[in-house]
Amino acid sequence: MRSAQVAQLAGVSVRTLRHYHALGLLAEPPRQANGYREYSAYDLAELLRIKRLASLGFSLSEIANMEQTAQAGTEAEALAALDAELAAQIERLQEQRRTIAQLQAEQLDPSLPVRFARVLRRLYGEAPDDATGVYGLSDADRAMLTIVANIYDEADISELEHFAEEVERKGLSERLRDVNARIEELPADAPEALRQKLVDESLALIEPVMDCFDPTNWEDDEDERVWAVVDTLQHASLNEAQRDVTDRVEAALVAAIRNSSTTNT
């Protein structure tokens, strides 16, 4: 049989056949006097074997290794390893589908982890436009949230969830959103009295839920450069007065949390 014939019988392309030869996966048959390779039934059988193993999910390198180390139990071990790998892949795919189903059912922002997106909804309410969970945020705000969501560890997310739960339980949600909205509407030349009023109102709202914050999560850490980027993005979306109020609230909050750590020790 010529190369085109054996390839057709095996259901592969001539190019694939040559690729197997180049990899040493399939031995090249000797050329006849006319210069053409002549494939035997054994060559066809080996080609079909390779195709079958590849269809099961074995890589070509794994198939080559099985051929080179042919011994009792080798193929059984390879099958067991492949089965375990496929099982893990299936679990990953099933988890991806579960996540997609959650995002669709709850109409959460797909660019954010599910738990983080849920907390945003609890704190900010329903998205104002088409319930995509984006809340009409600026590009800088969205970039900042994406970074924060992906550097938060389990402890950080749990703390944020606890905070959202307590805000709801204490009936502070609407007041918190109102203060946030007023900060967002603050003009760049807002007078000091108005700025301080918003700082005081913000801290007064946070004070009843201070117990939600774990001081160990607010210690200086090795992620300072990442948080510097986050601060830069946050500031990029704010005018001078908004930055001033936000910085004052954050500084007072961090100081209060860290002070609670020393007070309780």
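**Fold and cores**

Mentor: Going along the sequence, the chain reads α-α-α-α-α-α-α-α-α-α-α-α. This is a predicted model, where local features need pLDDT of at least 70, side-chain atom pairs count only at pLDDT 80 or more, and totals for chains, interfaces and linings use all residues. Residues are numbered from 1 along each chain as its sequence is written, and side-chain values use heavy atoms, with hydrogens and water left out.

Trainee: How many helices and strands is that?
Mentor: Twelve helices and zero strands. Both are DSSP runs numbered from the N terminus: H or I of at least four residues for helices, E of at least two for strands.

Trainee: And how much of the chain is buried?
Mentor: Buried residues are 32% of the 265 in the chain. Buried means under 20% relative accessible area, exposed over 50%, and partly exposed in between, with a 1.4 Å probe and protein chains only.

Trainee: What share of the contacts is between residues 24 or more positions apart?
Mentor: They account for 63% of the contacts with a separation of 6 or more; a contact means heavy atoms within 4.5 Å.

Trainee: Switching to cores, which residues touch the most other members in the largest nonpolar one?
Mentor: F116, F163, F213 and V245, out of 38 residues. Such a core is a set of buried Ala, Val, Leu, Ile, Met, Phe, Trp, Tyr and Cys residues joined through side-chain atoms within 4.5 Å.

Trainee: Which elements give two or more residues to this core?
Mentor: α6 (114-124), α7 (139-151), α8 (154-169), α9 (173-184), α10 (192-206) and α12. The most come from α6, with six residues. Another core, of 19 residues, lies apart from it and has A10, Y20, L25 and L82 among its members.

Trainee: What does F213 touch?
Mentor: Leaving out residues up to four places away in sequence, F213 touches E159, F163, I206, W218, L253 and I257.

Trainee: Now D244, where is that?
Mentor: D244 sits in helix α12, residues 240-264. The side chains of D244 and R248 are joined by a polar contact of 2.8 Å. That term means a pair of N or O atoms within 3.5 Å; within protein, one must be able to donate a hydrogen and the other to accept it, and residues adjacent in sequence count only if both atoms are side-chain atoms.

Trainee: Why does T246 count as buried?
Mentor: Because its relative accessibility is 19%, and the cut-off is under 20%. T246 is in helix α12 too, and beyond its neighbours within four places in sequence it contacts I183, Q234 and L238.
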